[in-house]
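Student: I want to know where each label on this model comes from. Please set every value against its cut-off.

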Amino acid sequence: MEVLVTGGTGFVGREVVRQLHAAGHRVRLLVRQPGAPVARQMATVHGAQLCPGDVLEPASLPPALAGAEAVIHLVGIISEVGRNTFENAHTLATQNVVTAAKSAGGVRYVQMSALGTRPDAASRYHQTKWAAEEAVRASGLAWTIFRPSLIYGPEDHFVNLFARMSRWSPVLPVMGSGRGLLQPVSVTATAQCFVRALTESASVGRTLDVCGPDRLSFVELLRTVLAVLGRRRRLVHIPLPLARLQARVLEFVFPRLLGRAAPLNRDQLLMLQEDNIGDPAPVCALLGLQLEPFREGIRRFLVPG
Ligand SMILES: NC(=O)c1ccc[n+]([C@@H]2O[C@H](COP(=O)([O-])OP(=O)(O)OC[C@H]3O[C@@H](n4cnc5c(N)ncnc54)[C@H](OP(=O)(O)O)[C@@H]3O)[C@@H](O)[C@H]2O)c1
């Protein structure tokens with residue numbers, strides 16, 4: 001199939017592109033910076049055709065979609081910067097891609113959402129992902145929506161952050177109680193969902209959880225990372241009011257003064273305080289996924305060889 005991927009230069013997107021290419025699909029990438037090393041690498045290693053564009057620029061979408069048989073829409077953010085607000089990067093972006101896909105006609109559509117997405121969600125991340133899902137469900141396209149929990153892998157933004165931190169720091173921070181449950185899933189399994197859904201007609205019209213076999217609290221997750229690395233570190237709980245204050249400062253300093261997304265924000269704190277768990281059975285049955293325990297999955301890249 002001729003597949004357009006948005007967000008293909010990101011952590012999840014790079015694995016999706018790798019698997020699409022390996023499965024024999026022709027890949028196009030909507031990219032904001034075609035000259036960036038990661039975009040060029042996708043083109044040279046995985047034969048991706050680079051289509052300059054931005055999901056917030058509706059006029060850039062029809063040329064990228066011309067002749068495409070499927071769209072995998074992955075763009076999303078965890079922290080706001082510039083005009084990439086949650087409302088824009090999730091809801092408006094999806095509305096733009098859906099509109100362009102409808103105009104292109106007959107396009108298979110696969111949407112990245114997130115576990116915890118619901119209409120009455122506490123966080124703006126989940127609220128705007130919900131509005132995006134609703135736009136997809138109302139589109140009339142042949143759609144599938146995936147809702148992953150925390151995604152881990154060799155180049156993730158989470159396990160690797162704490163693994164790096166534990167190299168030099170005697171303590172690791174836990175925001176609040178750290179008792180909210182997560183069900184981490186590998187980037188390999190997550191990407192398999194997107195690639196396999198393209199050719200599995202029974203996935204059309206389905207909204208599916210994508211999560212691993214283990215339900216771990218934040219604290220248990222950090223302890224597992226430390227155990228795999230063979231390190232002993234103290235976990236220090238940051239009281240939520242203090243964490244919120246810290247997040248508020250970072251939200252101001254990073255986007256406004258450094259032009260970069262904040263490493264921690266108040267929306268993330270809201271999400272960390274709630275359980276982020278689901279049921280992987282339907283997606284496993286439908287797409288033949290084999291899930292591995294978190295401990296084994298992270299060992300593969302934290303302790304290579
Ligand atoms: N990582 C997780 O644990 C997790 C869990 C559940 C759901 N998700 C969802 O999975 C998706 C991918 O996450 P990720 O971790 O791979 O994120 P990521 O590494 O930050 O990648 C984000 C991608 O979106 C692109 N992008 C951002 N704004 C754009 C815009 N305005 N126009 C075009 N492209 C734009 C980025 O392109 P540039 O290269 O130009 O920056 C990049 O390719 C997101 O929707 C996220 O909400 C992630």
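Student: Which residue of E4 does Val3 stand opposite?

Tutor: Val3 stands opposite Ala70 in E4. The model is predicted: local features need pLDDT of at least 70, side-chain atom pairs count only at pLDDT 80 or more, and totals for chains, interfaces and linings use all residues. Residue numbers start from 1 along each chain, as its sequence is written.

Student: What makes E1 and E4 a pair?

Tutor: Two strands pair if DSSP finds at least two bridges between them. Strand E1 (residues 2-6) and E4 share 4 bridges, in the parallel sense. That count of 4 meets the limit of at least two, so they pair. E4 also has 4 bridges to E5, again parallel. In E5, Gln111 is the bridge partner of His73.

Student: What makes a stretch a strand or a helix?

Tutor: Both are DSSP runs, numbered from the N terminus: helices are H or I with at least four residues, strands are E with at least two. Strand E4 covers residues 70-73, and helix H1 covers residues 11-22.

Student: How do the side chains of E4 point?

Tutor: Ala70 and Ile72 point one way, Val71 and His73 the other. In a regular strand the side chains alternate between the two faces of the sheet. All four of these E4 residues are buried.

Student: Why is Gly297 called buried?

Tutor: Count the other C-beta atoms, placed from the backbone, within 10 Å of a residue's own: 20 or more is buried, 12 or fewer is exposed, and in between is partly exposed. Gly297 has 24, so it is buried. Gly297 sits in helix H12 (residues 294-302).

Student: Which residues does Gly297 touch, beyond its sequence neighbours?

Tutor: Tyr152, Ser186 and Glu292, leaving out residues up to four places away in sequence. Contact means C-beta atoms, placed from the backbone, within 7 Å.

Student: What puts Ala202 in its class?

Tutor: Ala202 has 11 C-beta neighbours inside 10 Å, so it counts as exposed. Ala202 lies in the loop between helix H7 (187-198) and E11. Its C-alpha atom is 9.6 Å from that of Thr144, and the two are 58 residues apart in sequence.

Student: What is the strand order of the 7-stranded open sheet?

Tutor: E3-E2-E1-E4-E5-E6-E11, with parallel pairing. Strand E3 (49-52) and strand E11 (206-210) are the edges, since each pairs on one side only. Neighbouring strands are turned by 20° on average, direction ignored. Helix H2 (residues 37-46) packs on this sheet, touching strand E2 (26-31) and E3. H2 makes about 175° with the direction of E2; axes are lines fitted to C-alpha atoms, for helices over the stretch in contact, and angles run from 0 to 180 degrees between N-to-C directions.

Student: How many bridges join E5 and E6?

Tutor: Strand E5 (residues 108-112) and strand E6 (residues 142-148) pair in the parallel sense over 5 bridges. Arg108 stands opposite Ala142, and Tyr109 has Trp143 as its bridge partner. E6 is mostly covered, with 6 of its 7 residues buried.

Student: What makes a set of residues a nonpolar core?

Tutor: It is a set of buried Ala, Val, Leu, Ile, Met, Phe, Trp, Tyr and Cys residues, joined through C-beta atoms within 7 Å. The largest one here has 79 residues; Phe194 is one of those with the most contacts inside it. Helix H4 (residues 86-104) gives the largest share, 8 residues. Beyond four places in sequence, Phe194 contacts Val16, Ile72, Val110 and Phe146. In soluble globular proteins, nonpolar side chains tend to be buried together.

Student: How many residues surround the ligand?

Tutor: 24, with Gly7, Thr9, Gly10, Val12 and Gly76 the closest. A residue is near a molecule if its C-beta atom, placed from the backbone, lies within 6 Å of it. Helix H1 gives the most to this shell, 3 residues.

Technical notes:
Contact = placed C-beta atoms within 7 Å.
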